[in-house]
Amino acid sequence: MGVKRVRDNDSEMTGHEFTLELLHRNPLKCVEVLRMSRESFVRLCAHFRVNYALNDNKHVSVEEKMAMFLMMIGHNQRYVIIKRRFQHSKQTVHKFFHEVLDKMLLFAHDIIVPTSFNPNPNIPGHNRRLRRVFKGAVGALDGTLIHAVVPANKRDLYRSRGKGDCYQNVLAICDFNMMFTFVVAGWEGIAHDSRILSEALANPHAPFPLPPPDKYYLCDAAYANIRGFMAPYRNVRYWLGDFRRRRALTNKEKFNHAHAKLRNVIERAFDVLKARFPILKRMTPFSLVTQRNITLACFALHNFIRREGLRDEFFARYDEPNVSVRNNNAGVDNDEDEIPTHEMVEDVDYSLKWTTTTNHSYVQTLCSESYRVEPQLLGM
């Protein structure tokens with residue numbers, strides 16, 4: 001005769017009732033718990049119902065599944081905490097977390113898509129004047145470190161140039177509306193940014209969205225000035241913090257200052273992402289594949305919230321023109337502080353000629369997974 005399992009979930013509020021409370025009571029609570037507004041959450045659940053066949057179960061609705069998933073990645077909660085809050089077994093929480101995560105990967109394919117390469121899209125944002133100077137700029141490219149929990153025998157690879165914690169290195173491109181258009185996740189923290197880019201360019205299974213000859217991504221000095229990528233002048237002041245006490249003086253400094261102000265959009269995008277999903281700064285000890293997939297899900301949710309265009313406190317915080325960015329300890333300066341000169345425009349033209357004529361050698365290796373989908377062709 002089997003031993004009867006003792007019921008240890010004895011809260012008076014069920015998971016269904018808790019989810020309804022999030023949706024119908026104080027809207028601030030929804031933002032705090034689910035890391036997005038009530039309107040965004042409702043649209044997200046409806047989107048997954050219609051497009052990804054995420055369905056209600058007998059006792060668990062789509063909204064409750066999504067709430068459990070968002071609480072885990074938004075607050076870095078363990079299964080046991082979600083189990084107590086939603087009154088389900090750990091097995092049930094585990095099942096629905098991975099069900100939603102699997103759907104999130106399909107979602108990432110559809111929402112992290114290349115830019116149209118329109119150099120001056122009609123999108124909100126600051127530095128419009130600089131976008132007119134850098135006419136061919138279609139976005140910014142950079143890498144960021146995401147915390148990782150790895151086995152002891154792999155820690156040296158993920159320790160990121162000698163730092164104590166372990167990280168995965170993620171390469172991303174975003175447009176000037178802070179929408180991510182390309183993401184490569186899962187690289188070891190020790191990998192150099194330029195190597196990740198080289199292998200992303202060479203990956204035949206996920207074609208890199210290389211801009212047309214007259215367009216380019218803005219990148220920092222960790223990357224080379226090659227076709228499709230415009231880096232700043234080397235050995236010249238570049239980071240915005242370098243200009244806080246002393247204004248740009250030479251033409252090269254003015255070029256670098258303007259370049260940094262416009263490229264800063266990706267630093268702010270990374271800050272929005274990590275502020276919304278603290279799990280990216282202190283990862284839960286899942287398998288490395290699951291950690292990579294969680295990272296991609298966070299990028300996809302970031303894009304969805306931005307695309308919906310609803311009021312969002314995280315984006316509002318980093319949309320401000322003078323917001324402080326932790327990566328370089330500098331603010332995004334107002335465009336009126338420095339009017340681009342004719343000489344700086346000539347520097348942009350010269351740099352563009354350089355980036356369109358320099359060749360690049362590729363390295364063919366198998367590496368981490370990149371997520372990018374060709375735009376769907378209709379009516380053909």
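Mentor: In this predicted model, the axes of helix H3 (residues 38–51) and helix H4 (residues 62–75) come within 10 Å and cross at roughly 115°. The crossing by which H3 passes H4 is right-handed. On the H3 side, the contact is made by Phe41, Leu44, Cys45, Phe48 and Arg49, and H4 contributes Val62, Glu63, Met66, Ala67 and Leu70. By class, the residues of this contact are eight nonpolar, no polar and two charged.

Met66 and Leu70 belong, with Phe69, Ile73, Phe107, Phe134 and Leu301, to the residues with the most contacts inside the largest nonpolar core, which has 82 residues. Leu301 touches Leu44 and Leu70, and its partners also include Met36, Phe69, Ile73, Met104, Phe107 and Phe277. A second, separate core has 20 residues, among them Phe117, Phe182, Ala200 and Tyr217.

The structure holds 15 aromatic pairs. One of them joins Phe48 to Tyr52, with 5.2 Å centre to centre and 50° between the planes, a tilted arrangement. Both of these residues, Phe48 and Tyr52, are buried. Ring pairs also link Phe48 and Tyr52 with Phe107 and Phe304 into a cluster.

Methods:
Residues are numbered from 1 along each chain as its sequence is written. This is a predicted model: local features need pLDDT of at least 70, side-chain atom pairs count only at pLDDT 80 or more; totals for chains, interfaces and linings use all residues. Side-chain values use heavy atoms; hydrogens and water are left out. A nonpolar core is a set of buried Ala, Val, Leu, Ile, Met, Phe, Trp, Tyr and Cys residues joined through side-chain atoms within 4.5 Å. Buried means under 20% relative accessible area, exposed over 50%, partly exposed in between (1.4 Å probe, protein chains only). Contact means heavy atoms within 4.5 Å. Axes are lines fitted to C-alpha atoms, for helices over the stretch in contact, and angles run from 0 to 180 degrees between N-to-C directions. Helices (H or I, at least four residues) and strands (E, at least two) are DSSP runs, numbered from the N terminus. A crossing is left-handed if the near helix is turned anticlockwise from the far one by less than a right angle, and right-handed if clockwise. Ala, Val, Leu, Ile, Met, Phe, Trp, Tyr, Cys and Pro count as nonpolar, Asp, Glu, Lys and Arg as charged, and the others, Gly among them, as polar. Rings of Phe, Tyr and Trp (its six-membered ring) pair if their centres lie within 6.5 Å; planes under 30 degrees apart count as stacked, over 60 as edge-to-face and the rest as tilted. Lists of a residue's contacts leave out its neighbours within four places in sequence.
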